[in-house]
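Here's a quick briefing to read alongside the structure. Take a look at the fold first, then go through the notes by topic.

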Amino acid sequence: MLPTASPPTSEQRILAAVRALPYGQVAGYGAIARRAGLPGRARMVARVLAHNNDPGLPWHRVLRSDGRIAFPAGSPGWEEQIRRLQAEGVQVNNGKVRMPLAEDTLDAAFWAPR
């Protein structure tokens, strides 16, 4: 009998959802939690990202639900997130990004009533 793989942990699901964010697009912590199958766990997403050391993880694409950067204004993290977002063509104004409307997302387009 073949050994069965254990299901992914919550952290692995969150990291997979962050990695799935396309270049130049952003999502809120809550949206990442929902995509990971963890609705209502936005703070868990923030904790996982805060403790992750993978330099290839596109953490900079994750923002507060209102589009604001979660780092304190002017901090090194705030500056780095703005730099990375702008390098991907995302417009950042005073530490804030225009978040996609629900109908702008792939999930909404796929599941929207016809």
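Helices here are DSSP runs of H or I with at least four residues, strands are DSSP runs of E with at least two, and both are numbered from the N terminus. Keep in mind that this is a predicted model: local features need pLDDT of at least 70, side-chain atom pairs count only at pLDDT 80 or more, and totals for chains, interfaces and linings use all residues. Residues are numbered from 1 along each chain as its sequence is written, and side-chain values use heavy atoms, with hydrogens and water left out.

**Overall layout**

- You're looking at five helices and two strands, and along the sequence they run α-β-α-α-β-α-α.
- Of the 114 residues, 35% are buried (buried is under 20% relative accessible area, exposed is over 50%, partly exposed is in between, with a 1.4 Å probe and protein chains only).
- The accessible surface is about 7,800 Å², and carbon and sulfur atoms account for 56% of that (Shrake-Rupley method, 1.4 Å probe; for residues, only the protein chains shown count as cover).
- Take the contacts (heavy atoms within 4.5 Å) between residues at least 6 apart in sequence: 58% of them join residues at least 24 apart.

**Nonpolar cores**

- A nonpolar core is a set of buried Ala, Val, Leu, Ile, Met, Phe, Trp, Tyr and Cys residues joined through side-chain atoms within 4.5 Å.
- The largest one has 18 residues, and Ile14, Val18, Ile32, Val45, Leu49 and Val62 make the most contacts inside it.
- Helices α1 (10-19), α2 (29-35) and α3 (42-50) each put at least two residues into this core.
- There's also a second, separate core of ten residues, with Val26, Trp78, Ile82 and Val90 among them.
- What does Val62 touch, leaving out residues up to four places away in sequence? The list is Val18, Leu21, Ala27, Gly28, Tyr29, Ile32, Leu49 and Gln81.

- Met44, Val45, Val48 and Leu49 are the buried residues to check in α3.
- Looking down the axis of α3, these buried residues fall within an arc of 135°, so they line one face of the helix (the arc is that of the directions from the helix axis to the C-beta atoms).
- An α-helix has 3.6 residues a turn, so residues three or four places apart point the same way.
- Cover for the buried residues of α3 includes α1, α2 and β2 (62-63).
- Arg43 and Ala50 sit on the other side of α3 and are exposed.

**Salt bridges**

- A search of the whole structure turns up five salt bridges (a side-chain nitrogen of Lys or Arg within 4 Å of a carboxyl oxygen of Asp or Glu).
- One of them pairs Arg61 with Glu88, at 2.9 Å from N to O.
- Arg61 is in the loop between α3 and β2, while Glu88 is in the loop between α4 (76-87) and α5 (106-111), so this pair ties together parts 27 residues apart in sequence.
- Both ends count as buried: Arg61 has 9% relative accessibility, and Glu88 has 13%.
- Asp66 and Arg68 form a salt bridge too, with their closest N and O atoms 2.7 Å apart; Asp66 is partly exposed at 33% relative accessibility, as is Arg68 at 37%.
- In the salt bridge between Glu80 and Arg84, the closest N and O atoms are 2.7 Å apart.
- Glu80 and Arg84 are four residues apart in helix α4, which puts about one helical turn between them.
- Glu80 is partly exposed, with a relative accessible area of 25%, and Arg84 is partly exposed at 24%.
- Salt bridges with shared partners join Glu80, Arg83 and Arg84 into one network.
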